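The report below is meant for a reader meeting this structure for the first time, and it takes a few places in turn. Please keep the sequence and the model in view while reading.

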Amino acid sequence: MKNLTQHYLTSAKLVEADIAYFEQKIKAKNIQPEQLELLNKKKEQLKKLNEQINKTS
């Protein structure tokens, strides 16, 4: 179980980094519409990862 939780935590950190990257692009007003769509998908992915972390910890 601990390895599974660690996997989810690592995945969540990577997704958080992706989200931060896209949010910086928004602040710089240098983001494409498809990147906004990807940002929304990443936020949903992070939500699901956090649910899995809560279940396994």
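## A threonine in helix 2

In this predicted model, T56 has its place in helix 2, which covers residues 33–56. The relative accessibility of T56 is 13%, and because buried means under 20%, T56 counts as buried. The side chain of T56 also makes a polar contact, at 2.9 Å, with the side chain of T5, and T5 is itself listed among the buried residues of helix 1.

## Helix 1 and what it packs against

Helix 1 runs over residues 2–27, and its 26 residues, taken at 1.5 Å a residue, should span 38 Å; the C-alpha atoms at its ends lie 37 Å apart, which agrees with that expectation. The buried residues of this helix are T5, Y8, S11, A12, V15, I19, F22 and K25, and these buried residues pack against helix 2.

Just after helix 1 comes K29, which takes a positive phi of about 55°.

## The aromatic pair

How many aromatic pairs does a search of the whole structure find? The search finds 1, and it is formed by Y21 and F22, whose rings are edge-to-face, with 5.3 Å from centre to centre and 65° between the planes.

The two partners can also be described by their accessibility: Y21, at 47% relative accessibility, counts as partly exposed, whereas F22, with a relative accessible area of 7%, is buried.

Key:
Residues numbered from 1 in each chain as written. Predicted model: local features only at pLDDT ≥ 70, side-chain atom pairs only at ≥ 80, totals over all residues. Heavy atoms only, no water. Helix = DSSP H or I, 4+ residues; strand = E, 2+ residues; numbered from the N terminus. Buried < 20%, exposed > 50% of the residue type's maximum accessible area, 1.4 Å probe, protein only. Polar contact = N/O pair within 3.5 Å; in protein donor to acceptor, adjacent residues only side chain to side chain. Phe/Tyr/Trp six-rings, centres within 6.5 Å; stacked < 30°, edge-to-face > 60°. Expected span 1.5 Å × (residues − 1). Contact = heavy atoms within 4.5 Å.
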